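Please walk me through how this protein is packed on the inside. Begin with the core, then turn to the helices.

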Amino acid sequence: MKMTCGQTWRATTWALVLMLAASASIQADEVSEGLARATEIVESHRSVPVFEAPGEPFDIRAVAEGKKMLSIPNTSSNQFLKGIIQREIEVGKEIGLEVREWENQGQPNQWVQGIEYAIANDFDIVDLISGVNPAVVEPQLEAAKAAGVKVFTSHFYDPSQPANPLLAGDLPFSFYDQGWILGNWAIVKTGGAANIIVVKSDEVPPTAPLVKGIRDAFEQNCPSCTILQEINVGITEWGTKIQPSVQSALISNPTANYVIPIYDSMSQFVVPAVELTGKGETVKIATGNGTPFVLDFIRDGKVEMDVGESLDWVARATIDGYMRNLAGMEMPKQLAVPLYIFDAENIETAGVPAEANKGYGEDYVKGFHETWQLK
């Protein structure tokens, strides 16, 4: 029996409705599945970290006794790096290693002077810590090698990046994982509707894998989530350019619901930008590193989340790797430092005010002491 035109139209319309409904159901399932994956990733970083020995036990005092290390941060105004070096100094006292900081204001010529100082004053190790790019001090790396001074980088490269061949060794850190957590956090907290502004410093090599981690989180778990704008600010210009740039970005992007300063020391300039634009209720700040003053921002309600790394743990893992190298042992493939989420739920565990090594448990200190054969 032939269908009338009206019957054909109704059948076609109904088929289209069913098709659209099926498509909507598939999309809803994809969103739900993406949220579930993102939630699982976030929750996996809420448990207090567990110590895993970075290698075979060894007598660290026998290696370190009488040795000298000069730590050069990318700038001494970076409180995260300042905190790590302070802990390196204290850990050095435990094992007989003299550690000093080379104070600088982020100028490459000051990094050059630091390496030259280490060569002239018989240091055994130079630690280029998180941000000092070996590519800009290669003549000094060659001079150090000729003088028998070992120059290392720590917390600078991502494991996906090759280290400068002039280095004596490298302890990379998974910046990608940090970005991956930040991206998934925004997905979860917005229910799959994240519209973010990223603040970064492209001059620092680990920025690229960190931002890729955020992008990959969106691509894999929330394709509808967007990075509205990426603000690139050089390290020496953080104090002058981050705040006005973020304010402008928030005004230009009214749908923004997150600002992610990828290095948490940037937060001191992002917080006032969000407050001055009157968006404190609608725009949240998520970041990474675990610098104490930023953890205090969480307690004050100015920052929502920080992917923390124990600065004391970083210091111990760094010294462990360098001492293994001096002892002729294999260095770890990367810094064995776990990432741990701090937010309003657990921020009190970080201390009041927050401290560099609180909130991560205490087993890791005992673990390092056993690995180092300290009594």
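This is a predicted model: local features need pLDDT of at least 70, side-chain atom pairs count only at pLDDT 80 or more; totals for chains, interfaces and linings use all residues.

Start with its largest nonpolar core, which holds 115 residues. Now look around Met-323. Leaving aside residues up to four places away in sequence, Met-323 touches Phe-58, Ile-60, Val-63, Ala-64, Leu-97 and Ile-125.

Next comes helix H9, residues 267-276. Its buried residues are Ser-267, Phe-269, Val-270, Val-271, Ala-273 and Val-274. What covers them? The cover includes helices H8 (238-252) and H10 (292-299). It also includes strands E6 (195-200), E8 (258-261) and E9 (284-289). After H9 comes Gly-278, with a positive phi near 70°.

Finally, turn to a helix pair. Two packed helices are described by the angle between their axes and the distance between those axes. Helix H4 (residues 108-120) packs with helix H5 (residues 138-147) at an angle of about 10°. Their axes lie 10 Å apart. Angles under 35 degrees count as roughly parallel, so H4 is roughly parallel to H5. From H4, the contact uses Val-112, Ile-115, Glu-116 and Ile-119. H5 contributes Gln-140, Leu-141, Ala-143, Ala-144 and Ala-147. By type, the residues of this contact of H4 with H5 are seven nonpolar, one polar and one charged.

Technical notes: Residues are numbered from 1 along each chain as its sequence is written. Side-chain values use heavy atoms; hydrogens and water are left out. A nonpolar core is a set of buried Ala, Val, Leu, Ile, Met, Phe, Trp, Tyr and Cys residues joined through side-chain atoms within 4.5 Å. Buried means under 20% relative accessible area, exposed over 50%, partly exposed in between (1.4 Å probe, protein chains only). Contact means heavy atoms within 4.5 Å. Helices (H or I, at least four residues) and strands (E, at least two) are DSSP runs, numbered from the N terminus. Axes are lines fitted to C-alpha atoms, for helices over the stretch in contact, and angles run from 0 to 180 degrees between N-to-C directions. Angles under 35 degrees count as roughly parallel, over 145 as roughly antiparallel, 65 to 115 as roughly perpendicular and the rest as oblique. Ala, Val, Leu, Ile, Met, Phe, Trp, Tyr, Cys and Pro count as nonpolar, Asp, Glu, Lys and Arg as charged, and the others, Gly among them, as polar.
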